[in-house]
Structure formats: C-alpha cells, structure tokens
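This report walks through one protein model, from its salt bridges to its strands, sheet and surface. Have the structure open while reading.

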Amino acid sequence: MKQRILNHVSLLVVLSVLLTFFAASVVMYSKFDRSMKDGVQNEAEYVRNGIEEMGEDYLSETLDSLTATRITLLDPSGKVLFDSLGDEENLENHSDRTEFKEAVADGYGEEVRFSETLSKQTFYYALRLKNGNILRMARTTDSVFFTLLSSFTLLGGLMIVILILEFFLVQKQTKDLIAPINELDLEHPLQNVCYEELRPLLVRLDQQNKQIQNQVEELKEAEAMRREFSANVSHELKTPLMSISGYAELMMNGMVRPEDIPDFSGRIYHEASRLSNLVADIIQLSRLDEEKRDLPFEKVDIYELAEDILRHLMPAAEKKKIALTLTGETVSIQGVRHILYEMFYNLADNALRYTYEGGNVGIYVGIRDGQPYFCVQDNGIGIPKNEQKRIFERFYRVDKSHSRQTGGTGLGLSIVKHGAAIHHAAINLDSEPGKGTRMELVFQRINIERQ
C-alpha cells in the first residue's frame, strides 16, 4: 500500500510540475511575443514618421546603429532599396513575401516565419509609405520550443528536489494514515471509526461478525438438539425393543401358558407397531430437515386430503365411539402433497388419541379473510397453558403415560411444525385442560387457488 501511494503521488507530482511548467512557459512566452510584436509595430511607426519628415537618408544616418531591429526599405516592385544588414544589391526581390503583399494592398502586413530547425522565429511587419515604398521591420527571437528546451535543465533539477521531499513526506504521511487502520478492533469495528470512508466496510464487517456469531449460536443449538434428539431416539427405541425382547424371551423359554400366548403376541404386535410408527416419524422428520429445496410443489386440494384422512381415521373413531366430522369447502393451494397429508393426518390423529370415548372431533376446511385454513377441534383432555409452547418439541409429551398408552410417538406435532415452515403457514392453538383443543393451520393468501 505504501508503495502504491508513493507511486501515485510521484506520478501526480511529475505531471503537476510538467503541466505547470508548460502552462507557465506558454503564458509567459505569449506575453513576451505580444510585447515584442507591439514593440516592432511601434518602432515601425516611429521610423515611418522619420522617413517621411527627413527622407530616406534618415535610415542610414540616424537609425543604422540605434536599433537591433532589421530595417528594410522596398520599392513598390519589391526591390530592396535599403537594408540595415547591408549588401542591398545582392538581396533578392521581396515582392513574393506575404507581409509585402499585404502592405501594398492594405497599407500594412505582418508574418512570422520559422527557421528550418524551429529554434528561431522572425516577426516581419511592413508599412506602406506615402510615396508608395514599403518599410519592413524584422526581429528574431527564440521559438517557444527552444525556450522550453532551454529550461529543461532547471526543470529537471527542480523536479529531483521535489521528488526527494515528496518521498520523505509520503513515507511519513502513509505511516500516519495506516496506523489507525492497523489498530482497528475487528471484533468491534464500529466502536472506533478512524475514517468515515471506511464506515461502509466496517459496517459490513460488523454485520458479518454478527452473522458468524449467529451461525455459531445456531450450530451450538443444532448440536444440542442433535444430542438431545439422539438421546430421545435411543430412549424411545429402547422401550419397545425391550418389551418385544422380553415377551419373546418368555415365550421362547416356555414360561407363558398356552392360554396367555395370544395376549403376549398382541403385546409384541402392539410394541412392534409402535416401533414402526416411531421409525416412520423419525424418517419423515429427517426428510423435512433435508428436503428444503427442490420440493415438488403442486396444486393440492386440501378438502380432498381431509376427506381421505377422514376415511382412514373413521375406524379408529368408531372404535372409541367418537363423532368424527368434516365441514368446509373445496380449496386448492400450492404445496407438497405428501407433507400436507402428514401434517393434517397428525393433527386429526392427535385429536382422536387425546379425546375421551364418546367425544367429538371436527375437521374444518375453508377460507377466512382470503386465507385458506385447515382446522381440527376436539373436546378432549386439553393442554395446560404452561405446556403449550413446548408441544412442538420432538418427543415432548404433556402426559407421557397416556401418550404411550395411545401409541403416540411424540413426533407428530414436530412434523406439523416443520411442514408449516415449508409452506409458510401459521399455527394457531387454543386449548384448555378438560375442555378440548382447537389447532389451526392458516396458509398465506398468495397460496390460495379457489375452484
């Protein structure tokens, strides 16, 4: 960074010096050139007045040694009558010169001619006298290019001095500039913003720090949940396996009376079914955790799903003498069919499991305020207020003994929660112990497609 700053500053210094020198030289030269031309023109007027008052002898007798300006007198044909450099007879005819032609035509004329090497330039100014002769004045000066070149030595020395000073100043300035940056607290970048230009970068760094902290916390929570889930899975799987193993061992060792074999077989079947349901729910939860992208969303009639669930649960409802009903209208949403089915089934199945014999379970499907909903309401055991926030946790049971008797796995509402998150649905819960539970899934308005 120091080297880049030094390089950039050096380049700017060199360009600034060169441009300043060039601009100043051009301006000064322009002023000098204008002053020189004005001087020649004034001098020409002075000489013309002298010639017209004293005659052409005025040139040789008076001005020959008084001025460095070259004076030439020409007749109307361009022949040289007098030249302050002498040797008039050998000078060629000047009738083709621009300043001569303009003076003949307009009374005066001027022209600047450069030498072949461009190191000198000569300014010619001509005036027409009363007798028709042409007075021409000429002065030679250095060209602008030669003036610039002649100053390069001074410019080079000046530039070297400036670059040396610039090197030490930039080194010090860069060190002072970088010091606050090196001392930044990257853990808390916004506590001491040394330069406002760095604020957007520091804000972004602070946001990334917070994101990293959040990710670390999420990883810790996920790890804790994984450990808890693994422990719960082990415990939940161990119980039915031990029961199956115990009953089978008793039967294998002939320790069961023949008349008790059907009872023991039923217990083994019951525990195996519970184990199968538990494994199925664990697999379903794992899929919901993993399949968050590229899910097969499609048009799903949730009333049709409710009818299918009603048919599947009706035998269990009749066995407990529970009135299971479905009320509503046909409503379609964009969703994942098998996930929606699992969500609705678990809600209805839970209502049947935790409703007393002779109770009522109602399923409702429809649209309220432009939003489709699926609702299950029962008059079962209900859920205490202090337990309602935890019922969606995996393996959490309000009444563990009753849950196992009914065959619940403790994962049904976790599946509902994951499915609701995938479909951006809200879960509304209203429950009171001894009076029943009302659980509702409300889908976003953008998902609705009414037939």
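A salt bridge here is a side-chain nitrogen of Lys or Arg within 4 Å of a carboxyl oxygen of Asp or Glu. The model is predicted. By that criterion, R97 and D96 form a salt bridge, with their closest N and O atoms 3.8 Å apart.

**Salt bridges**

The whole structure holds 17 salt bridges. R97 also meets E92 through the side chains, at 2.7 Å from N to O. R97 counts as buried because its relative accessibility is 18%, and buried means under 20%. Salt bridges with shared partners also tie E99, E111, R113 and R136 into one network.

D83 forms a salt bridge with R70. Is D83 buried or exposed? D83 counts as buried, at 2% relative accessibility. R70 is partly exposed, with a relative accessible area of 22%.

| Salt bridge | N to O distance |
|---|---|
| E92 and R97 | 2.7 Å |
| D83 and R70 | 3.0 Å |
| R97 and D96 | 3.8 Å |

Strand β4 spans residues 120-128. Of its 9 residues, 7 are buried, so β4 is largely enclosed by the rest of the structure. Strand β3 (residues 108-114) runs antiparallel to β4, and 7 bridges join the two.

F123 stands opposite R139 in β5. β4 and β5 make a hairpin with 5 residues between them. In the turn, G132 has a positive phi of about 95°.

**The five-stranded sheet**

Which strands make up the open sheet, and in what order? The order is β7-β9-β10-β12-β11, and the pairing is mixed. β7 (323-328) and β11 (426-432) are the edge strands, each pairing on one side only. Neighbouring strands are turned by 10° against each other on average, with direction ignored.

Strands β9 (residues 360-368) and β10 (residues 371-378) are antiparallel and share 8 bridges. R368 stands opposite Q371 in β10. Helix α9 (residues 337-353) packs on the sheet. α9 touches β7, β9, β10 and β12 (436-442), and its direction makes about 20° with that of β10.

**Whole protein and surface**

The protein has 11 helices and 13 strands. Of its 451 residues, 36% count as buried. Take the contacts between residues at least 6 apart in sequence: 62% of them join residues at least 24 apart. The accessible surface comes to about 27,100 Å², and carbon and sulfur atoms account for 55% of that.

Part of the surface is a nonpolar patch of about 420 Å². Which residues make this patch? I160, I164, F167 and F168 do. F168 sits in helix α5 (residues 152-182). F168 counts as exposed because its relative accessibility is 57%, and exposed means over 50%.

Terms used: Residues are numbered from 1 along each chain as its sequence is written. This is a predicted model: local features need pLDDT of at least 70, side-chain atom pairs count only at pLDDT 80 or more; totals for chains, interfaces and linings use all residues. Side-chain values use heavy atoms; hydrogens and water are left out. Helices (H or I, at least four residues) and strands (E, at least two) are DSSP runs, numbered from the N terminus. Buried means under 20% relative accessible area, exposed over 50%, partly exposed in between (1.4 Å probe, protein chains only). Contact means heavy atoms within 4.5 Å. Accessible areas come from the Shrake-Rupley method with a 1.4 Å probe; for residues, only the protein chains shown count as cover. Patches are made of residues with over 30% relative accessible area and no salt bridge: like charges are joined within 9 Å, nonpolar side chains (Val, Leu, Ile, Met, Phe, Trp, Tyr) within 5 Å. Two strands pair if DSSP finds at least two bridges between them. Axes are lines fitted to C-alpha atoms, for helices over the stretch in contact, and angles run from 0 to 180 degrees between N-to-C directions.
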